[in-house]
Amino acid sequence: MRKFRNLLLSAITISSVLLPLEIAKAQEKIEVIPLIKSTKGLGGKKIFYPRWKQAELRFFKVIIPVGAKTPIHIHPAPMVVYLAQGELKHTRGDVINYFSSKQSLIESNNGDEHFVENIGSKPAVLYVVAASAVGLPTTINK
């Protein structure tokens with residue numbers, strides 16, 4: 001009987017500690033933090049969408065090794081880029097932009113040729129969302 005009473009007291013004690021924690025977790029609020037919003041891309045040109053084609057959203061994780069550089073390219077669809085880790089140098093003609101971890105940028109599909117280079121000491125990790133159309137390439141190398 002004594003063991004049963006101790007077991008019951010232990011169960012009540014544990015539940016009285018854990019139950020409020022679960023209730024507190026359930027009362028935490030969802031937080032939405034806007035990261036970036038624009039009608040223009042990094043080069044200042046307006047974003048537009050292909051007409052008369054089936055829309056298609058794409059989501060990529062891109063890893064650029066230390067010292068690596070993309071080919072010179074353009075994007076036929078607008079995209080949002082979030083740099084989760086690393087440091088990048090973005091070059092479009094004479095215009096150079098630098099981005100570090102936890103920054104975002106928007107590429108317009110009106111943008112000129114450009115390339116990106118990892119100038120950090122670890123791989124750059126990017127998350128990219130392209131608002132495209134079925135059959136349209138994400139990147140066109142020049």
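Reply:

Let's start with D112 and K45, whose side chains meet in a salt bridge, with N and O 3.0 Å apart. The term means that a side-chain nitrogen of Lys or Arg lies within 4 Å of a carboxyl oxygen of Asp or Glu. D112 sits in the loop between β6 and β7 and K45 in the loop between α1 and β1, so this pair ties together parts that are 67 residues apart in sequence. (Helices, H or I with at least four residues, and strands, E with at least two, are DSSP runs numbered from the N terminus.)

Before going on, a word about what you're looking at: this is a predicted model, where local features need pLDDT of at least 70 and side-chain atom pairs count only at pLDDT 80 or more, while totals for chains, interfaces and linings use all residues. Residues are numbered from 1 along each chain as its sequence is written, and side-chain values use heavy atoms, with hydrogens and water left out.

Back to the pair. D112 is partly exposed, at 41% relative accessible area, and K45 is partly exposed too, at 33%. (Buried means under 20% relative accessible area, exposed means over 50%, and partly exposed is in between, using a 1.4 Å probe and protein chains only.)

Now look at H73, which has D112 on its contact list. Contact here means heavy atoms within 4.5 Å. Leaving out residues up to four places away in sequence, H73 also touches E113, H114, F115, T139, I140, N141 and K142. Take I140: it is 67 residues from H73 in sequence, yet their C-alpha atoms are 5.4 Å apart in space. H73 belongs to strand β2, residues 73-74, and is buried, with a relative accessible area of 6%. Its side chain also reaches the backbone oxygen of P71 at 2.7 Å. That is a polar contact: a pair of N or O atoms within 3.5 Å, where within protein one must be able to donate a hydrogen and the other to accept it, and residues adjacent in sequence count only if both atoms are side-chain atoms.

With a relative accessible area of 11%, N109 counts as buried. The side chain of N109 reaches the backbone oxygen of F48 at 2.7 Å. Setting aside neighbours within four places in sequence, N109 is in contact with I47, F48, H75, P76, A77 and P78.

E107 is in strand β6 and R92 in strand β4 (residues 87-92), so to speak distant parts of the chain that the pair links, 15 residues apart. Both E107 and R92 are buried. There is also a salt bridge between E56 and R58, whose closest N and O atoms are 2.8 Å apart. In that pair E56 is partly exposed, at 29% relative accessible area, whereas R58 is buried, at 14%.
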